[in-house]
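Welcome! Take a moment to look over the sequence and the fold, and then we will walk through them together.

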Amino acid sequence: MPMVNIAGKEVEVDEEGYLVDLSQWNEDIAKYMAQEEKVDLTENHWEVVNFLREYYAEYQIAPAVRVLTKAIGKKLGPEKGNNKYLYELFPYGPAKQACKIAGLPKPTGCI
Amino acid sequence: MSDMDMDDDGSGIVKKFMFLNRKAPHGTVYALEGLEVVLITAAFDQDVSLVFTDDGVYQLMKGMDTKGIEVKDFSKTYRALEGYDIEKLYVDKTSMDARGLTEDDLIVDVTVLSDEEMKNLMAEQDVVISF
């Protein structure tokens with residue numbers, strides 16, 4: 001699988017650019033992935049990225065977007081737990097893009 | 001991916017799906033693959049039941065440690081099922097008793113069914129998929 005050099009560190013990514021070993025993840029990798037996805041990381045983006053990392057630590061999966069939306073709503077309130085808000089942050093799919101930035105595998109249920 | 005939320009427009013037919021998990025969690029891919037199928041199916045708003053029977057009850061064991069066999073411990077993922085609106089989890093009493101297990105040994109809340117109840121539940125289903 002392809003290797004990329006991120007901030008002086010060699011990391012392995014899969015053919016779609018997702019990080020292979022999530023224990024390698026750090027903020028530099030997140031910034032690199034965000035750049036690849038043409039996402040300008042703001043505090044609101046980080047909130048979702050960190051939420052995803054916590055979700056993964058607890059359940060060992062990357063959630064489907066529907067599940068992510070609901071879980072964010074529960075934790076951060078309905079003004080953030082909706083498609084409009086999340087798609088504004090991650091136009092090409094909150095689960096897909098935010099998971100990539102968070103260093104998680106592509107969400108299960110992604111067809 | 002099914003990125004856009006498929007809102008309830010009432011047009012879909014809802015069938016009763018049962019996923020029957022019969023094998024130990026590791027050593028074969030059945031348990032993990034079965035779980036992935038269940039997670040994907042959840043996107044289609046069907047009436048899903050999960051049954052754990054025979055060695056399949058081991059899939060729900062608390063305190064799994066897979067370091068020694070170098071595979072991912074996906075047992076925590078069963079706890080995410082609730083978020084996917086999959087809340088009907090059943091185990092059969094005979095399989096539990098044969099392995100000396102009780103509900104306290106399991107990582108999620110389940111309903112324990114007798115053989116007779118299990119038979120009836122299976123008979124109600126439109127589709128039964130076995131892993």
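Two residues are in contact if their C-beta atoms, placed from the backbone, lie within 7 Å. By that rule, residues 24 or more positions apart account for 51% of the contacts in chain A with a separation of 6 or more. Please keep in mind that this is a predicted model.

**Chain A as a whole**

Chain A contains five helices and two strands, and along the sequence they follow the pattern β-β-α-α-α-α-α. Its C-alpha trace spans about 40 × 25 × 25 Å along the principal axes. A compact globule of 111 residues would have a radius of gyration near 13 Å, so the 13 Å of chain A agrees with that. Of the 111 residues in this chain, 36% count as buried.

**A covered helix**

How many of the residues of H5(A) are buried? Eight of its eight residues are, so to speak, under cover: H5(A) is mostly covered. Among these buried residues are A:Pro94, A:Lys96, A:Gln97 and A:Cys99. The cover over them includes H1, H2, H3 and helix H4 (83-89) of chain A. Just after H5(A), A:Gly103 takes a positive phi of about 80 degrees.

A:Ala102 is also worth a look. Leaving aside neighbours within four places in sequence, A:Ala102 is in contact with A:Ala30, A:Val49, A:Leu52 and A:Arg53.

**The largest nonpolar core**

The largest nonpolar core has 52 residues, and the members that touch the most others are A:Leu52, A:Ala98, A:Ile101, A:Ala102 and B:Val38. Several elements each supply at least two residues of this core: from chain A, helix H1 (27-36), helix H2 (43-59), helix H3 (65-76) and helix H5 (94-101), and from chain B, strand S1 (16-21), helix H1 (30-41) and strand S2 (47-52). Which element gives the largest share of this core? H1(A) does, with five residues.

**Strands of chain B**

| Strand pair | Sense | Bridges |
|---|---|---|
| S1(B) and S2(B) | parallel | six bridges |
| S1(B) and S5(B) (residues 127-130) | parallel | four bridges |

For S5(B), the bridge partner of B:Met18 is B:Val128.

How values were computed: Residues are numbered from 1 along each chain as its sequence is written. Chains are lettered from A and ligands numbered from 1 in the order in which they are written. This is a predicted model: local features need pLDDT of at least 70, side-chain atom pairs count only at pLDDT 80 or more; totals for chains, interfaces and linings use all residues. A nonpolar core is a set of buried Ala, Val, Leu, Ile, Met, Phe, Trp, Tyr and Cys residues joined through C-beta atoms within 7 Å. A residue is buried if 20 or more other C-beta atoms lie within 10 Å of its own, exposed if 12 or fewer, and partly exposed in between; C-beta atoms are placed from the backbone. The radius of gyration is taken over C-alpha atoms; the globule rule is 2.2 Å times the number of residues to the power 0.38. Two strands pair if DSSP finds at least two bridges between them.
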